[in-house]
Amino acid sequence: MDSQLDERYSRQILFAGIGEAGQRRLLASRVAMVGCGALGTVLANYLVRAGVGHLRIIDRDFVEPSNLQRQTLFDESDARDSLPKAIAAERRLRSINSSVTVEGIVADIGPRNAEELLSGFALILDGTDNFETRHLLNDTAVKLHTPWIYAAAVGSYGVTMTIRPGITACLACLLTPENRTEPTSAPQSEDTCDTVGVIAPAAGVIASIEAAEALKLLVEERDRTQSVETRLVSFDVWTGKYHSIKVARDPECRVCVHRKFRYLEGKAQPHVTMCGRDSVQIHERNRHLDLALTAQRLAAVASNVRHNDFLLRFTVAPHEITVFTDGRAIIKGTRDSAIARSLYARYLGS
């Protein structure tokens, strides 16, 4: 490192867990992050300041005023201009550390492009907001044999777990019935930031833990099995409750044992079709929704919420969304399947 870089990272180099050798590894590392919301903005900020050599940010959404309460890389001008989050983050991060390569990609990651977007990176980071995408990341990471870090935050609560294919449990292992008996296994898939809210400190704490785990992996400590956290960590910043639990590998895991990549192959992703003029239908989800409970959750964030025993209908202007008990939905007001899927994930979970 030249003297300028040595000065920039001097406090980090003094830390025994990193040192000069670890800093050199960070400067040579390549990391991909999917999602740049509350988790992703904190995570990307820390990694770029730490000197990760190349950071690819993949996100499909644009900045809105409601993001500014917790998404720390964005400001009012980004929201006013409706900038794509990946582009706004890239610009801000380049101004923070010009020696790092930051690559913002505006894309809706899915089965067709996941391997292309995530190949060639040392680590994959979860900054997403829905389990459908996380299952896709898990399939892709296991297939590529690339470590990845799962993270989620909603309300005042968040969880994170480092996943190393072939060594630790994967996300599919975590969500088996045996592991889900633990009260901290994961947020409910129906809860989203758009329905139950989220406070910035919850995302900040979990993203900080995720960033620390990323640094541990990237500096390649000698005894990685002991130094890298392999447990599911959860923290509720409102109640102060902290848990760290061991997650057992599932000996019959579909993904990391039998290598059946249903999400990566597109077999588990909901089928999306055009449905009349300016409408998209999302179907074949095989979910069972409690329409009354869902309507109660939506009452504070949507308008014209009404339901019966068969369907629930609500408006998030300019879109009208109708959802059925099996999870099938019709989104009126768009012909863009990516927008429809984003609305579904935001208001109905996954």
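A residue counts as buried when its relative accessible area is under 20%, as exposed when that area is over 50%, and as partly exposed in between. In this predicted model, Arg92 has a relative accessible area of 26% and is therefore partly exposed, and its salt-bridge partner, Asp75, is likewise partly exposed at 28%.

Side chains of opposite charge can pair when their charged atoms come close. A search of the whole structure finds 15 salt bridges, and the table gives some of them.

| Salt bridge | N to O distance |
|---|---|
| Arg92 and Asp75 | 3.1 Å |
| Lys143 and Glu115 | 3.2 Å |
| Asp194 and Arg346 | 3.1 Å |

Because Asp194 lies in helix α11 (residues 193-196) and Arg346 in helix α15 (residues 337-348), their pair ties together parts that are 152 residues apart in sequence. Here Asp194 is partly exposed, with a relative accessible area of 23%, whereas Arg346, at 18%, counts as buried. Salt bridges that share partners also join Arg60, Asp108, Glu132 and Arg341 into one network.

Charged groups meet aromatic rings as well: the charged end of Arg30 sits over the ring of Phe121, 4.5 Å from its centre, and Arg134 lies over the face of Phe131, at 5.0 Å from the ring centre. The structure also holds three aromatic pairs.

As for the cysteines, the count of disulfides comes to zero. The cysteine sulfur nearest to that of Cys256 belongs to Cys173 and is 3.5 Å away, whereas a disulfide needs the two sulfur atoms within 2.5 Å. Cys256 is buried, with a relative accessible area of 13%, while Cys193 is partly exposed at 26%.

Conventions: Residues numbered from 1 in each chain as written. Predicted model: local features only at pLDDT ≥ 70, side-chain atom pairs only at ≥ 80, totals over all residues. Heavy atoms only, no water. Phe/Tyr/Trp six-rings, centres within 6.5 Å; stacked < 30°, edge-to-face > 60°. Lys NZ or Arg CZ within 6 Å of the ring centre and 35° of its normal. Buried < 20%, exposed > 50% of the residue type's maximum accessible area, 1.4 Å probe, protein only. Salt bridge = Lys/Arg side-chain N within 4 Å of Asp/Glu carboxyl O. Helix = DSSP H or I, 4+ residues; strand = E, 2+ residues; numbered from the N terminus.
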